[in-house]
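This briefing is meant to be read alongside the sequence and the model.

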Amino acid sequence: MTRQRVALVSHVSYDAYRHDDGSPFFPPDEFDITLLARPRDIAQLTPGQVSRSIPVDIHPSGELAGSLPELLGDFEFDWVVATQERLLLPAARLRESMGVGGMGTEHTLLLRDKTAMKRHFSAHGIRVPEFMEISEPGQAAELLDKFGQIVIKPVLGSSSLDVHIVRDQSELKSLQQQGFASTDRYEAEEFIAGRQFHIDSVVNNGLPVATSVSQYLDSHEAFPLNGQVRSHTLDDGPDLELLLEFNRAVLACITWFSGVTHLEVFLDDRGKPVFCELGGRPGGAGIDTTFRYRHGISLLFASILPQIGRTVPDRGHQAPVDQPATGWSMIYPPRLGRFRGFDASPRAEWLLRLTAPYRPGELVRRPRQAKDAIAVASVRGKDSREVVDRLAEVKSELVVSITPE
C-alpha cells in the first residue's frame, strides 16, 4: 500500500498525536510524515516516528515565520495538516502553493480573520457586535461614544494577547499615545455586557456531531500572578438549550466545513446570544481532555481527519451519568523565576489531567496571554458547582517550585 505523504506543521510534541491507548494518529504503515516543528519538539522524537523533520520558528505570539514552500523545497505531499490557530493560514497557503486538497485561504480567513468572519456571519443573520477595522486607537472614538465601552484587539490575534477593554476617552487617548503592540491589523467592537461561553464541536459539513457548552468564570483581560482562568460545562437548562441552538445556527453558515470548531459567544444582559468569534480548530487549555471524557472523541484527532481526506468520527462513549460535568483551569505562576516543578500536587480520582506547560529549568515570565499558565487542570464532577469546588481544591493543593532568578 502506498503511504500518504503528510506535511504536519505542529505546535506540540509529536507524542501528542496519539489515541488514549497509545496508538498513533498517523500509523507508520499508512503515512509518511514530514514534521515541521520547533527544535525542542524535534529533539524529543524517537527513531522511526517520522520520515523527516524540519525545524521551524513557530513563535507563540505571531504568524509562522519564514516561507513553508521554501523550507519544504522539492518534496511532494498529498496533505498538509495544522491544528493551531496561528498555523491555519500558513497551512492553507501551503496547500494552494502545492495544489493539494484541503481548506484554502478563502474559507480559512472566515475562521481566522475577526472582521471577515463577522461580515460573513452577520450576512447570514447571526447577531455580531458592531465593529470596525482600525489602524490606530483614536479611530475608534465615535464607536466608544456610541457604546460607552469597546474592545480593541488584533484581527488575527489569539489567546487574548494584546486585547484592550476601553472604558472612556481618556483610556483611548492613553492607548493612542502608547500605540499598538504590533503591526498586525486591529479591530474595535462594542463591548457586550453579560456572560461569556465557549462551545466546542466536532462538525461534519456544518452539522455538529458532538458538542460541549461551557461558561467562563474569569476575565480574559489580564492574567495576574497567582490568578487563573476557569471554565465549566453548563448543567441542563434553558441557557444550555439556547446556546446549543445558536451553535447550530452558526455552523449552518459554513456547510462546507468539517472538523472542529471553537465558538466564543456571549449571553448579553437580556439573555440573548451574541457572536464573538469562531475558530476552525480545537480550543486550548483543558478543552481536549474534558471533551474526550464527555464524548469519547479527541478534538485534536477530529480536526486532523478532514485534512487527510477522511470523515470526522461518530459520537463516541458518553461520560458516566453520575459524573457528567467537567471543567478546567489555567493557573498562573505565583512568582517569576526559574521553574523547577511541583513540590505538591493533588491526587484525586476526579482529576482528569494536570499538566505543566513549562519544562524544568525554563524561565517563568509574566503572563501576557491566556495560555501563559504554570499549570492546566481538568476535572469532572456531578454538576457545575462540584466542578468549581474541585478546581478550587486543585489550586489550593498545588505547590509550584520556582527559583528566583
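A residue counts as buried when its relative accessible area is under 20%, and F26, with a relative accessible area of 3%, is therefore buried in this predicted model. Y17, at 1% relative accessibility, likewise counts as buried.

**Aromatic pairs and charges over rings**
- The count of aromatic pairs comes to twelve.
- The rings of Y17 and F26 have centres 6.2 Å apart and planes at 55°, so this pair is tilted.
- F180 and Y186 form a stacked pair, with 3.6 Å from centre to centre and 5° between the planes, and both residues are buried.
- Ring pairs also link Y14, Y17, F25, F26, F31 and F301 into a cluster.
- The charged end of R52 sits over the ring of F75, 4.4 Å from its centre, while K118 lies over the face of F131 at 6.0 Å from the ring centre.

**Helix 5**
- Seven of the ten residues of helix 5 (residues 114-123) are buried, so this helix is largely enclosed by the rest of the structure; among the buried residues are K118, H120 and F121.
- The elements covering those buried residues include helix 4 (105-109), strand 5 (131-134), helix 8 (238-251) and strand 13 (273-279).
- Just after helix 5, G125 takes a positive phi of about 90°.

**S298**
- S298 is placed in the loop between helix 9 (287-295) and helix 10 (299-304), and is buried, with a relative accessible area of 8%.
- The side chain of S298 makes a polar contact with the side chain of R292 (3.2 Å), and a polar atom of the S298 side chain lies 3.1 Å from the backbone nitrogen of F301.
- Not counting residues up to four places away in sequence, S298 touches F25, D288 and R292.

Notes. Residues numbered from 1 in each chain as written. Predicted model: local features only at pLDDT ≥ 70, side-chain atom pairs only at ≥ 80, totals over all residues. Heavy atoms only, no water. Buried < 20%, exposed > 50% of the residue type's maximum accessible area, 1.4 Å probe, protein only. Helix = DSSP H or I, 4+ residues; strand = E, 2+ residues; numbered from the N terminus. Contact = heavy atoms within 4.5 Å. Polar contact = N/O pair within 3.5 Å; in protein donor to acceptor, adjacent residues only side chain to side chain. Phe/Tyr/Trp six-rings, centres within 6.5 Å; stacked < 30°, edge-to-face > 60°. Lys NZ or Arg CZ within 6 Å of the ring centre and 35° of its normal.
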